[in-house]
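Subject: Structure handover

Hello,

Here is the structure I promised to pass on. Please open it alongside this message.

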Amino acid sequence: MTFDFDEIIDRSNTLAMAKQGYEKYLFGDEPAVLPYADEQLISMWVADMAFASAPSARAAMIERIESHSIFGYSGLFGDDFFDVFAAWAQNFYGWAPKRDHFLTSPGIVPALFDLVEHVLKPGEKTLTLTPAYGYFKHAPAYHDREYVTSGLIEDDAGHYSIDFDDLAAKVADPQVRMFFLCHPHNPTGRVWTEDELRQMATLCFDNDVVVVSDEIHCDLLRHGVSHTPLAKLFPDSDQIITCMSPSKTFNLAGLGFAMVIIANDEIRDIWVDRNSPLVNPVSVAAATGVFRDGHQWHDELRTYLDGNLAYVQETLAERLPEARFTIPDATYLAWINLSAYFEPETNLTRHFAETAGVILEGGDMFISDGDGHIRVNVACPRSVVVEGLDRIIAAVPARVLAS
Ligand SMILES: Cc1ncc(COP(=O)(O)O)c(C=O)c1O
């Protein structure tokens, strides 16, 4: 490997959510009672990586900072960034995003909030598959819109599938107007098949529901897995909004830059009217740098993550045989079902923080259908994964619950 993913980087005092931001986010007003000193805690929660960000991002940012001394108001006036992103999309997904539909946002989370506000009238609702990323609930809730959920089906091996009968019933609610699709899916790591994508989208189109396809995890694929943007399957549909970003893949989440591709003219016009077209020029430099020059780093990252997830699978099979875990198709998030060991109401976030000193997210953080599960971020040096998993396993009760 050319790049060093084993390097331990101290993130103390760097404004890192992973290190300093968990207390309020995970424990609210009831601080956890932690058995370890701060520097001994292992952070495996928020979805960024403990690896150095892609060097092609740093090089491009340094070049921008050193070559030009003004950081004034900036916008994507030319096609330079779009062309680099479009080449990446063509290369990895065989998809040609349309220039006319292309917009940016300081992040996908802000885009979710904006889209709910722009598209849904009072009384209208969103729909999402659960367990799910929390902001699919926070965005509608913030705007006083209801969110409807359709629970995924988990089999005995920890593999998830869609309950299409339930989804069809939920999407038929005339108040449901927006479907938040997470593809690949956080937290289960599923990459939806073309057949599943077609079925979901067809249900939405038949019921006049706009699909917001959040594809932020789409480049974090296991080797051998490929990603099909939903919009690629329906090039003529104007019911799909695609959200992508270099932030997860290249570890740039703090730079606040994402792409939003809106096919519908009316929704795009509203977006343009209400959203700022400004971008951070340093973030654009980084995004350009990684999509243009980040291929080798990206490939090595994927190899390293494949190894971490294989380690998790082997270790759980050997030492925690009643845990259910399938290596995710995508993401670096291990979604582990520990319901054989814990009562469903156990707050697993608190349990593992307080007994193991491992900061991770319990299933209750994922809207619904997450009881008994933990989400463990394994985008860390292998030595950290080994120690984190050791501590997690040691904090699981030896006795299996009666079924
Ligand atoms: C599905 C999904 N969407 C969006 C985000 C965050 O997006 P951003 O950092 O661009 O706001 C995350 C981060 O974990 C995520 O998992």
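Predicted model: local features only at pLDDT ≥ 70, side-chain atom pairs only at ≥ 80, totals over all residues.

Start with the overall layout. Seven strands form an open sheet with mixed pairing. Their order is β2-β10-β9-β8-β7-β3-β4. The edges are β2 and β4 (146–151), each with a single partner strand, so one side of each has no neighbour in the sheet. On average, neighbouring strands are turned by 25° against each other, direction ignored.

Now look at β10, residues 258–262. How many of its five residues are buried? Five of the five are, so the strand is largely enclosed by the rest of the structure. A258, V260 and I262 point one way. M259 and I261 point the other way. Residues of both sets are buried.

β10 has a strand on either hand in the sheet order, β2 and β9. The pairing with β2 (residues 102–105) is antiparallel and has four bridges. There, L103 is the bridge partner of V260. The pairing with β9 (residues 240–244) is also antiparallel, again over four bridges.

β7 (residues 176–182) and β8 (residues 210–214) run parallel, joined by five bridges. One of the partner pairs is F179 with V211 of β8.

Helix α6 (residues 135–142) packs on this sheet. It touches β3 (125–130), β4 and β7. The direction of α6 makes about 155° with that of β4.

A helix pair

Next, take α5 (residues 108–119) and α10 (residues 265–274). Their axes come within 10 Å and cross at roughly 115°. The crossing is right-handed. Which residues make the contact? From α5 they are D114, H118 and V119. From α10 they are I267, I270, W271 and R274. By class, the contact of α5 with α10 has four nonpolar, one polar and two charged residues.

The ligand

There are 13 residues around the ligand. A47, G107, I108, V109 and N186 come nearest. The shell has eight nonpolar residues, four polar ones and one charged one. Of the nearest residues, I108 also belongs to the range of α5, residues 108–119.

Best wishes

How values were computed:
Residues numbered from 1 in each chain as written. Near = placed C-beta within 6 Å. Nonpolar A, V, L, I, M, F, W, Y, C, P; charged D, E, K, R; others polar. Buried ≥ 20, exposed ≤ 12 C-beta atoms within 10 Å, placed from the backbone. Helix = DSSP H or I, 4+ residues; strand = E, 2+ residues; numbered from the N terminus. Pairing = 2+ DSSP bridges. Axes fitted to C-alpha atoms, helices over the stretch in contact; angles between N-to-C directions. Contact = placed C-beta atoms within 7 Å. Left-handed = near helix turned anticlockwise from the far one by under 90°.
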